[in-house]
Amino acid sequence: MWKLKIADGGNNPYIYSTKNFVGRQIWEFDSHYGTPEERAEVEVARENYLKNRFQVRLSSDLLWRMQFLKEKRFKQTIRQVKVEDEEEITYETATTAMRRAAHFFSAFQAGDGHWPGEKCWPIVSTSSLGNNEDGGWGLHVEAHSNLYCTILNYICMHILGEGPDGGKDDACSRRRKWILDHGSAVSIPAWGKARLSLYLAYLNGQDANQCPQSFGFFPFFFLYNQLKCGAIFGWFTCPCHTYMVKVRHLCAKEDLYFPHLLIQDLVWDNIYIFTEPFLTRWPFNKLRKKALEITMKHIHYEDENSRYIDIACVEKVLCMLACWVEDPYGDYFKKHLARLPDYIWIGEDGIKMQTFGSQLWDTSLGLEALLACKLTDEIGPTLMKGHDYLNKSQEMDNPSGDFRSMYRHICEGSWTFSDRDQGWQVSDCTAEGLKCCLLLAGMPPEIVGGKIEPERLYDAINVLLSLQSKNGGTSAWEPAGTSKWLEPLNASELFEDIFIEQQKQEIENFIRKAVQYFEDIQRQDGSWYGNWGICFTYATWFALRGLAAAGKMYHNCLAVRKAADFLLKLQLDDGGWGESYLSSLAKGKQKFPAFFFKFTPLEGNRSNLVQTAWTLMGLIHSGLKETQHLFTEQQSSNYQKEDGDFPQQEIAGASLRTCVILYPNCRNIYPLWALAEYRQWVPLP
């Protein structure tokens, strides 16, 4: 039986940590773990997911939750409440629902103080039961099928031992038919051609689109020029070299989100036809050799400074492959292998590879939700452990050596998205971590623990100030280093926007520029586009939250009034809000995407608890809290389960326009937070 282990480094001599593996969450199979009844319960969860996966496509992340509830012997002791139609919501009702949710969520805190959870990105990085009824796989569990994911998952099934007609319900033959009906493997996007050439010996690496080596010395080049792939794999045969030249730019319409411009095809063809032959011959091959040496230097630097976790799953696998090609028996590759468990996740829908964890992000937002409940007497130990986790997770040093020459930014004082060992500063995670520490600093130390030293808070502010761009916005990981004109050279047909990313007076200037940035990028309908959540409801809540912190409210700011009016117009008959992931898409509209993207409701105009919570908090932040009749928390209290949990509904996270991200903890954090804010700010009988 699988078991989730926390802050465990094991006995592997090739793994190391900066802070005793705080935040690490890995799965381990233990043949002696669990009673027969517990194992049967796991099987029931798996069967239920398989049976209902076309109705509720997302995993509810049940396995580790079942483990934690049993280990902590949690039992909900606060009575369940329901609100009937036309019944008025009272302060007592809201408080009871909030307390039940707070105690249930607290039960999922790990021993080191963080909240574990799955963080799966698109199916390009995970093979699961996320296939569609038509036989294909989509970019994520709610997406339409495309060639990229269908081919990669089809090949994974063969690697795992399924034959041509293997799999449940003729899975392999149905997937193969879908692939052949949609253009076959030659129509897979550029990323797919690269992956097939690297991993599956389908294409000769020389035939995949080559990006110039000066583009960050991407690890693909090292592999392209070292691996010599065969011509046949499985049930696909590689076309001849001449034919491959003709199909190199083919991309199935199901995969084509970001069409190539003619200039990009000309650039790639010029490199392939004219430049590549020279770089493979003396004396120009010396230039290639030098580029490969520089590539490996950067790869090793990134590996060492992230403890071989790397920034995310895509980079992790490519850097690991590069180290394997360099020396399959070397320490670099062995250190990579030691960190693979950090990317594996187990759920009722199977074994998956996640982008990496969201430990810090979930923990900081979860703590803010719990702090908003004002239940210190009831959940004091939870707050103390969470505070300790934040304390231990802050980055204490910058990257090693001359980090600027390695194109890294300062990170001392920041918080990452996941854990401290990963080492990549993130602006919004730093902001949320800092906010939590400031809130906890105002509470009795005997309840929440000692305060973090002021100097460390100053370091966090310094990181945030350094990440503000000229336009007033803040980049995610590091200051923007490229221009928008490079986006037409985006070689990925699947994703968009992949290239761009302490004095009192300084802080005031930062806030002023940030407010101006909010106002500048607000859409005409009053909303903001969400890059990391779905989509307009998510971004508008965050924008209203930020503007409120800067003193901008409904009564004194036009942008806030427009945003509140936008949200109010979207309220559904049941009092909630619901938005589809399709809001994130504006296929073929790359020029001015913010103006082309359009709010798309969920099918059947369903409401969603998480999005209802975002919207409700946004309206409260706007200053409309006095208008009680505009809000309803009937959904949160009535949808709450007997144990205090909320149901897993549609997906909430998003990235790169086409991708979505699973955050199972959202269903607990945001309804709880909204209940707390509603109870505090809306006058109730």
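My entries below go from the whole chain to single residues.

**Entry 1: ground rules.** I am working with a predicted model, where local features need pLDDT of at least 70 and side-chain atom pairs count only at pLDDT 80 or more, while totals for chains, interfaces and linings use all residues. I number residues from 1 along each chain as its sequence is written, and side-chain values use heavy atoms, with hydrogens and water left out.

**Entry 2: the whole protein.** I looked up the secondary structure and found 24 helices and eight strands. Here helices (H or I, at least four residues) and strands (E, at least two) are DSSP runs, numbered from the N terminus. Next I checked burial: of the 685 residues, 57% count as buried. Buried means under 20% relative accessible area, exposed means over 50%, and partly exposed is in between, with a 1.4 Å probe and protein chains only. The accessible surface comes to about 29,400 Å², and 56% of it belongs to carbon and sulfur atoms. These areas come from the Shrake-Rupley method with a 1.4 Å probe, and for residues only the protein chains shown count as cover.

**Entry 3: the cores.** Which residues have the most contacts inside the largest nonpolar core? I found L370, L383, L390, Y670, L672 and W673, in a core of 79 residues. A second, separate core has 33 residues, including F258, Y529, F597 and F599. A nonpolar core is a set of buried Ala, Val, Leu, Ile, Met, Phe, Trp, Tyr and Cys residues joined through side-chain atoms within 4.5 Å. I then picked L672 and, leaving aside its neighbours within four places in sequence, listed its contacts (heavy atoms within 4.5 Å): M98, A101, A102, F105, A369, L370 and C373.

Entry 4: I moved on to strand 5 (residues 344-347) and strand 6 (residues 350-353), which run antiparallel and are joined by four bridges. Two strands pair if DSSP finds at least two bridges between them. They form a hairpin with two residues between the strands, and I346 has I351 as its bridge partner in strand 6. Is I351 buried or partly exposed? I351 counts as partly exposed because its relative accessibility is 48%. Together with W2 and F29, I351 makes a nonpolar surface patch of about 300 Å². Patches are made of residues with over 30% relative accessible area and no salt bridge; like charges are joined within 9 Å, and nonpolar side chains (Val, Leu, Ile, Met, Phe, Trp, Tyr) within 5 Å.

**Entry 5: salt bridges.** How many salt bridges does a search of the whole structure find? I got 25. The rule is a side-chain nitrogen of Lys or Arg within 4 Å of a carboxyl oxygen of Asp or Glu. In one of them, R99 meets E378, with the closest N and O atoms 3.1 Å apart. R99 lies in helix 3 (residues 91-106) and E378 in helix 14 (residues 376-393), so this pair ties together parts that are 279 residues apart in sequence. R99 is partly exposed at 26%, and E378 is partly exposed at 33%.

I also looked at E368 and R545, whose side chains meet at 2.7 Å, N to O. E368 is buried, at 4% relative accessibility, and R545 is buried too, at 10%. R456 and E453 form another salt bridge, at 3.3 Å. Of these two, R456 is buried at 12%, whereas E453 is partly exposed at 40%. Salt bridges that share partners also join R24, R339, D342 and D421 into one network.

Entry 6: I found a cis peptide bond between W282 and P283, with omega about 0 degrees. P283 sits in the loop between helix 9 (262-279) and helix 10 (285-305). The loop between helix 10 and helix 11 (313-326) holds R307, a residue other than glycine with a positive phi near 55 degrees. Y308 is in that loop as well, and its phi is positive at about 65 degrees although it is not a glycine. R307 is buried at 13%, and Y308 is buried at 1%.

Entry 7: G449 is in the loop between helix 16 (445-448) and helix 17 (454-466). G449 and M384 are 65 residues apart in sequence, and their C-alpha atoms are 5.6 Å apart in space.
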